[in-house]
Amino acid sequence: MAYPKINKVELSDTVKELLKSKDAIKVLATTDKHGEVHAVFKGSISVNDDGNITLIEVLESSQTNRNLTHAIWFNRHVSVLLKDSAGNSYQIKGIPYADHTVGPEYEEVYRNLTEKNPDADVAGYWEIIPDEVRLETFKERLQEEIETLPILGHADKDFIG
Amino acid sequence: MADTAELKLPNWRNEELSYNEILEKYPSVSPFVILKADILRRGFTLTEKAKEHFDDSIYINAINNSEKDFGAVITSESKAPVGLLLRDGTAIGCSTNQNEGIRDPYVIDYVDDKFVITDQGEQIEDVDFWRKPDYYGKLTSKGNPMETVLTARPRRLDVFSANKYCNFWGRGEGCKFCSLGPAARFYRNNPEAALADPDEIEEAVVEALKQKGRFTTICTTAGSITTGDKLFDDEVKMYSEIYTRIRRHFKGDELRFQYVASAFDKEQLIRLKEATGNIAFTTNLEVPTAELFEWICPGKAKDVGYEGWKQRLYDAVEVLGKGNVNTQIVAGADLVQPNGFKTENESVEAILKLTEELAQHDVGVVANVWGVVSTIIFKNFYPPSLEYYTKVFSGVNDIQQKYGILTYFDDYKRCGTHPSSDLLRD
């Protein structure tokens, strides 16, 4: 059934700020219908008042737009990667909820974009419901693995000679 | 009085696979497009609560839409959307009376501050309606509401009343599935009155496009005009007058607005292209065999013929280019008895065979769900099963993709009538 069964997670204020930040590095990873992965920098990634991730796709025929379509059709996950200037990084997984292509919100996005770049277009204003957030900062992830799965490390790390 | 279908199928739920069963059986076909096909097939109705929340200052109300003049959207409901919009952007152009009562319609309810599509109490999907554009309610210089000459889909402008009369219908040879042609009876004695004023269309288009971000394209269609120095010349003249006016408001040498017209010959297409710059052309074969064409579309068959119609499609590709020419099949009308296919599978095979043949000539095919209302000749028949439509739409799309015939002017965003071309985006 198409109706999305998503266990939405609430994003922390820190993650929301990072999603809104113009300085953060933002990457969107999707997969196509054959499972091939596709990742792009996507500066338009942000968050709306409902706590859902939003992004603007400017090209109707892009692989990203096709993959987002495939994801909304078949309830497949996409992944958003965020990194701030201090090196803190997060991965948010979610499922597209809507491809807004009409309506006041869409038209506002369209007007704002085309005022800056008259040649640009807005193929879709996508909304993604997050269902998993992972802190991906290296230091944090390393500590987590050392604590939860110490068997995975090399023996020489604890070797005292 | 509403135009509704007369036939009822009381046991259809026991005889056909359900929406959920189709999703399980065809897991690679978009659930949204399958749902669209089923809504087109079964129709929909609104609960009282949904009607209360249907705000016709925001949404287009069928009762106010000019398409009713051309027979497509006639309803007795005071509040009736002209179309639905799904989460993925899929548009469903469907009035509440389409195929009404043949099978149980879907029910649109208002739950937790949103509209939802339900079936037997189960929530199937969220849904929105087609929004009213800014130009609705404004008047042309002749004092007519602009929506009477130019109607709006979610992302497309439609000039569907360019000519409300069809010469084929006028001489008793209209297409038997058609719900638009019967309106011709109002104009039989005065066909000139059926023609829209190109100046008013121009005014409405200019006003509509002031709403930034709303419209991607324009589509024009009309009843066939067989008169002129040669067959269809007066129809060519009509489109030429409309698009030469529209053209002067756009930069560039070419327009990619669509005209859904009669089968013009090569000379007419060249003439039209030079006059208007417009290159997106649709002319409909309607059914998958010559024998059915003669029975179901007698006027077209007599004046042009099935093979002649196909040849004109091939010629159109030469003039306008691959990806700019397609034809529509009214899937299901070819199953009407006594002359139609005896089984759904025979129809599917014939449609896909024709699609492949046309694809070899770079002609695109789109297929739709046949809508039955009481004014059509085939009023005592019904559209086939959801499984049939799933096979047709996915099969047609597969062939289009295989041959690279990407008629984007008829895709989900620009047209939205044909589930087969809605699948083009994956």
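Visitor: Are K300(B) and E286(B) buried or exposed?
Guide: In this predicted model, both K300(B) and E286(B) are buried.

Visitor: How far apart are the closest N and O atoms of K300(B) and E286(B)?
Guide: They are 2.7 Å apart, and the two residues form a salt bridge. K300(B) belongs to helix α10 (residues 298-303) of chain B, while E286(B) sits in the loop between β12 (278-282) and α9 (290-296) of chain B, so the pair ties together parts that are 14 residues apart in sequence.

Visitor: Why would such side chains pair in the first place?
Guide: Side chains of opposite charge can pair when their charged atoms come close.

Visitor: What does K310(B) pair with?
Guide: K310(B) forms a salt bridge with E357(B), and their closest N and O atoms are 2.8 Å apart. Because K310(B) is in helix α11 of chain B and E357(B) is in helix α12 (residues 344-359) of chain B, this pair ties together parts that are 47 residues apart in sequence.

Visitor: And is K310(B) buried or exposed?
Guide: K310(B) has a relative accessible area of 5%, so it is buried. E357(B), with a relative accessible area of 29%, is partly exposed.

Visitor: Which residue forms a salt bridge with E207(B)?
Guide: That residue is K138(B), with the closest N and O atoms 2.8 Å apart. E207(B) lies in helix α6 (residues 198-208) of chain B and K138(B) in the loop between β7 (128-129) and β8 (151-152) of chain B, so parts that are 69 residues apart in sequence are tied together. E207(B) counts as buried at 16% relative accessibility, whereas K138(B) is partly exposed at 37%.

Visitor: How many salt bridges are there over all chains?
Guide: A search of the whole structure finds 42. Some residues are linked in a network of salt bridges, namely R13(B), E16(B), D38(B), R41(B), R42(B), R103(B), D104(B) and D119(B).

Visitor: Let us change topic. How many residues does the largest nonpolar core have?
Guide: The largest nonpolar core has 151 residues, and I108(B), F264(B) and W370(B) have the most contacts inside it. Helix α11 (residues 306-320) of chain B gives the most to this core, with 8 residues.

Visitor: Why does this core lie between domain 1 and domain 2 of chain B?
Guide: Domain 1 (12-129) and domain 2 (162-195 + 216-425) of chain B both give residues to the core, so it lies between them. Another core, of 6 residues, lies apart from it and includes Y106(A) and Y125(A).

Visitor: Now the interface. How many residues of chain B are in contact with chain A?
Guide: In chain B, 37 residues are in contact with 26 residues of chain A. The two chains bury about 2600 Å² between them, with 52% of it on carbon and sulfur atoms. R87(B), R425(B) and D426(B) supply 29% of the area that chain B buries against chain A, more than any other three residues.

Visitor: How many salt bridges does the rule find across it?
Guide: The rule finds 2 salt bridges across the interface of chain B and chain A. The side chains of K413(B) and E60(A) meet in a salt bridge, at 2.7 Å from N to O. There are also 16 residue pairs in polar contact across the interface.

Visitor: Which element of chain B gives the most to the side that touches chain A?
Guide: That element is β6(B), with 5 residues.

Terms used. Residues are numbered from 1 along each chain as its sequence is written. Chains are lettered from A and ligands numbered from 1 in the order in which they are written. This is a predicted model: local features need pLDDT of at least 70, side-chain atom pairs count only at pLDDT 80 or more; totals for chains, interfaces and linings use all residues. Side-chain values use heavy atoms; hydrogens and water are left out. A nonpolar core is a set of buried Ala, Val, Leu, Ile, Met, Phe, Trp, Tyr and Cys residues joined through side-chain atoms within 4.5 Å. Buried means under 20% relative accessible area, exposed over 50%, partly exposed in between (1.4 Å probe, protein chains only). Helices (H or I, at least four residues) and strands (E, at least two) are DSSP runs, numbered from the N terminus. Domain bounds come from an automatic or database domain assignment. Contact means heavy atoms within 4.5 Å. Buried area is the accessible area (1.4 Å probe) that two parts lose on being put together, summed over both. A salt bridge is a side-chain nitrogen of Lys or Arg within 4 Å of a carboxyl oxygen of Asp or Glu. A polar contact is a pair of N or O atoms within 3.5 Å; within protein, one must be able to donate a hydrogen and the other to accept it, and residues adjacent in sequence count only if both atoms are side-chain atoms.
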